[in-house]
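Please read them alongside the sequence and coordinates.

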Amino acid sequence: MEAYLFYLLAAVTVIGTVLAITEKHPVHAIVYLVSSFFSLAAIFFLLAAPLIAMFEVIIYAGAVMVLFMFVIMMLDVGRSGDGLRPGLRQWLPAMLLAGVILALLGMMLAHGGWPAPGAGAAATLRDFSLTLFRQHGVAIEIISLQLLFAVVGALYFGKRRGP
Amino acid sequence: MIYDPLDIALMLAKIALVFFVILTLAAYLVFAERKVLAWIQDRKGPNRVGPFGLLQPLADLIKLLTKEDFRPIGADKWLFYLAPAMAAIPAIMIFAVIPFGAPLRLFGHTVQLQVADLHVGLLLFVALSSLAVYGVALGGWASNSKYALLGSIRGLAQLLSYELSMGLSLVPVVMLARSFRLSDIVAAQAGCWFIVYQPLAFMIFLISIAAECKRIPFDLPEAEGELVAGFHTEYSGMRFGLFFVGEYLNIIALGGLAATFFLGGWHGPLLPPVVCFSVKVLAFAFLFIWIRGTLPRLRYDQLMHFGWKILTPLALLNILVTAWWLVLRG
């Protein structure tokens, strides 16, 4: 049962992502990407990581993509035809990076990979937060500082300069 | 995994019951809104269909279903058709995590009066309410109309801003209950409701859910004085009906969640748990109708300033104070 569900969700995720890349219209691409994120969240749920599943939906589908959509609607891009098609110069680095990731993934799979955590191994919220804030506390602080810098930077750029 | 057929049957029965109750309640909430607004404005309200006009929702439904279903020229076909469903489905899904009564004993089984008791229930609610934005945004955008687009851009900005204060106002609740599970949150309020400890968080949550439902002091996305009907200007028939029903389902769901988080859920004096919970939900619905009959609409910049400069900092401060209080109390 779980295996069938997984393959179904995985197919939806992959097809959604591919369509998001090939779709010309930015709003349609966003809709495809959101459905892909949603089925990815369901896969996390199947892997007994409900917390990650919820974060996936709240942050990616619910906040980042909504912001993208906001910008696209405000600027009304997407009616400008094919002028935005990426050329080989934009494609090549992305393809190279994707190739590296795929190769690494293939090596990991060839090594036998990791066993999927069973439903019994569901990490509780308490375990998760203890690991995050006890063991990786410094990393969390550094990341939050970085986010703070980004916010201050955005504020600086967004400020109207002079009259 | 082995499933007991009786368990499955009970689960399906619960889902069917929830569906039936919330859809009927949403239809009658429309009727109640028209009646109460009529009283507030010294009119009679709908009173022609059936005794006291009680069959009005049915007449409205038949009217909506038999109307022509048209699509404006240049509209984005699939998104235009899908958007009303995107608005209504998250509102319905929220009911899956709301506990509406004390556990029952039936046929030797303990039946939780809650469809799914997830241990990330509260987060599921936040996730679903953040997905509800898409119905508003895509509906207005796909209509290929200026009023609808303006309405949906306003809706996007408003829902995004008030989601933040809504989420932050729930953090103290989680800190007090020490769990994201809604049944634990209700159980933690057996003695004392959280509204006693957290009146500020309750007020922030209440204001934010009024903005999330797009109810009157915050109904900028559909401001009829400026934008015809905002994001659903171009919709007709049952597609408009779905937007409308979604809005009322949202009122019921958010009222139920406010009762769960701050008013003790199904805990209450004298009355049986389910009745207690229903009374609280209906009280919230009445409050929203009352506010609609009383307050004027905010201006758009006032709305944004209020959300970002008052509600969000207050909610953050409240989290800090609650955390210190919990630490010092030990």
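Predicted model: local features only at pLDDT ≥ 70, side-chain atom pairs only at ≥ 80, totals over all residues.

1. Helix 1 of chain B covers residues 5–40. Its 36 residues should span 52 Å at 1.5 Å a residue, and the end C-alpha atoms lie 51 Å apart, so the two values agree.

2. Which residues of helix 1 of chain B are buried? They are Ile22(B), Ala26(B), Leu29(B), Phe31(B) and Lys35(B). The partners against which these buried residues pack are helix 2 (56–66), helix 11 and helix 12 (273–294) of chain B.

3. The largest nonpolar core comprises 111 residues, and Phe205(B), Ile252(B) and Ala258(B) have the most contacts inside it. Helix 11 of chain B (residues 237–262) contributes the most to this core, namely 15 residues.

4. Beyond its neighbours within four places in sequence, Ile252(B) contacts Ile22(B), Leu25(B), Ala26(B), Leu29(B), Val281(B) and Ala285(B).

5. The contact between the chains draws 19 residues from chain B and 16 residues from chain A. On the side of chain B that touches chain A, at least two residues come from each of helix 4 (121–131), helix 5 (133–142) and helix 6 (146–177) of chain B. Helix 4 of chain B gives the most, with six residues. By class, this side of chain B has 17 nonpolar residues, two polar and no charged ones.

Terms used:
Residues numbered from 1 in each chain as written. Chains lettered and ligands numbered in written order. Core = buried A, V, L, I, M, F, W, Y, C linked by C-beta atoms within 7 Å. Buried ≥ 20, exposed ≤ 12 C-beta atoms within 10 Å, placed from the backbone. Helix = DSSP H or I, 4+ residues; strand = E, 2+ residues; numbered from the N terminus. Contact = placed C-beta atoms within 7 Å. Expected span 1.5 Å × (residues − 1). Nonpolar A, V, L, I, M, F, W, Y, C, P; charged D, E, K, R; others polar.
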